[in-house]
Amino acid sequence: MTIGNLRASALAALILVAAAGCASSQRIENAGRVADAGVAFADSVPAVIDESFALSVTANSLGLADSRPELTEDERSQRLQTNDALLIQRLEILRGLKRHAQLLRSYFVALGALVQSDATTGISNATQNIVKRLSDVGLDLSKKELAGVPIADFIQPAVEFGVATYQNVALTRELKERGHIIERELELQRAALGIIGDQMMSDKDAQLEHDVRAPLFMEYVAGTSLPGNWNDRRIAAFRQTIDLQSLNAAAAAADNLHQSWIAFAENRLDEGSLLRLLRDVEEFAALADKLKAKN
Amino acid sequence: MPAPGELKSMTLKELRAARKDMLSGPWRLAIKAQPAEVRRAAALRFLDVEQAILELENAALADIRDKLAANEAALIAGTKALAKARQNLAKVQAVLEALGTLLTVAAKIAKFVATG
């Protein structure tokens, strides 16, 4: 092999290492963004669960309070105890779901820590340091060249490639072993938040019917005259009805996270899907923040 | 014939719609004109509907909670495996840093021997 060929081979190897590193790093970057979305998703779940319970109790109390004048004391006692027992059961179930969301969060944190590791910089600096130290003991690698390319120039891309390959191998192994379990996990989260979203919308709607729409109706139909703010309250009732849809943001985010995970595991997650995922998770996080601020 | 899950979901939807109707203005107006025994029967029926809604929602959520719980061991194992993979990367850095320190000492000794 001539010197020219050797130099060309070394440069080709350097380019190959950089190109392979790019392909790996794209997947690693996607993993990092899915992990971030997963953490933000899991962080938002407890606020929605807490709100769902508050809405359940409120809707239940409305019914108990309205029916109360028609019931005997024994009936009141029996009904209240039965409903309380069901709500305690609900609380236990929701506590289990919240605890589980924390486990899911830990998983995404660990995934993010692996792929967003600063190991490339750390290992690269440590390696450069060793090359420098070796020169201090008489073995000056920093000035050595391999086929005309300084060895020092190989270090950064080689380390990047090595770390990305390691991360990719660890990721592939994890996806192979547990990718389907996480997929199932996210599908169950979607189902749970779908049920919770429907329950929240129904309970909130019942509350609106009782507190806002029914009084508006009764005032119009049976009142002697309409209150001055009747129209304003009517507009507010329509607006609140439209706002009910926002309570389903959790289910939408869970659905998108589930679909994105499948695409990521199959290595076909594109930029558009990632942006949609981040938008849905942001909407969910905004809902959670709004609910937290309210309580 | 719908599957049991679908049947539960359809029943829940109907019960929620019935509850909303029984809270509405037209219902209030209609029930107001009824004799006491009808109002009482309606109140008890409303509480039955509310109770059935809670029971069906609890059953659906408990079912999912149990399925999620069955995933927990695998989820914890996955978290540990990812953390271990991350630690291995950190170990490489630690070994290289230790080697750098060792070489600094070696350089000092070499300089000392040369000047001595």
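Guide: This is a predicted model. Its largest nonpolar core holds 70 residues, and Val48(A), Leu111(A), Ala192(A), Ala250(A), Ala253(A) and Leu257(A) touch the most other members.

Visitor: Which helices each supply at least two residues of this core?
Guide: From chain A, they are H1, H2, H4, H6 and H7. From chain B, they are helix H1 (4-23) and H3.

Visitor: And which gives the most?
Guide: H4(A), with 16 residues.

Visitor: Back to Ala250(A). What does it touch?
Guide: Leaving out residues up to four places away in sequence, Ala250(A) touches Val48(A), Leu193(A), Ile196(A), Gly197(A), Phe284(A) and Leu287(A).

Visitor: Zoom out. How many helices and strands in chain A?
Guide: Seven helices and two strands. Along the sequence, chain A reads α-α-α-β-β-α-α-α-α.

Visitor: What percentage of chain A counts as buried?
Guide: 34% of its 295 residues. As for contacts in chain A with a separation of 6 or more, 84% come from residues 24 or more positions apart.

Visitor: Now chain B. What's the pattern there?
Guide: α-α-α. Chain B has three helices and zero strands. Of the 116 residues in chain B, 23% are buried.

Visitor: How do the two chains meet? How many residues are in contact?
Guide: 60 residues of chain A contact 53 residues of chain B. On the chain A side, helix H1 (3-67), helix H2 (73-115), helix H3 (119-136) and helix H4 (151-222) each supply at least two residues. H4(A) gives the most to that side, with 24 residues.

Visitor: What scores does the predictor give the complex?
Guide: An ipTM of 0.80 and a pTM of 0.81. Chain B averages a pLDDT of 87, and 88% of its residues score at least 70.

Visitor: Which element of chain B has the lowest mean pLDDT, and which the highest?
Guide: Helix H3 (residues 36-115) of chain B is lowest, at 86. Helix H2 (residues 25-32) of chain B is highest, at 94.

Visitor: What should helix H5 of chain A span, and what does the model show?
Guide: At 1.5 Å a residue, H5 (residues 230-243) of chain A should span 20 Å. Its end C-alpha atoms are 20 Å apart, which agrees.

Visitor: Where is Asn267(A)? Buried or exposed?
Guide: Asn267(A) sits in the loop between helix H6 (249-265) and helix H7 (271-294) of chain A. Asn267(A) is exposed, because it has 11 other C-beta atoms within 10 Å and the cut-off for exposed is 12 or fewer.

Visitor: Last one. What about Arg99(A)?
Guide: Arg99(A) lies in helix H2 of chain A. With 14 other C-beta atoms within 10 Å, Arg99(A) is partly exposed. Arg99(A) and Asp211(A) are 112 residues apart in sequence and 34 Å apart in space, C-alpha to C-alpha.

Terms used. Residues numbered from 1 in each chain as written. Chains lettered and ligands numbered in written order. Predicted model: local features only at pLDDT ≥ 70, side-chain atom pairs only at ≥ 80, totals over all residues. Contact = placed C-beta atoms within 7 Å. Helix = DSSP H or I, 4+ residues; strand = E, 2+ residues; numbered from the N terminus. Expected span 1.5 Å × (residues − 1). Buried ≥ 20, exposed ≤ 12 C-beta atoms within 10 Å, placed from the backbone. pLDDT = per-residue confidence, 0-100. Core = buried A, V, L, I, M, F, W, Y, C linked by C-beta atoms within 7 Å.
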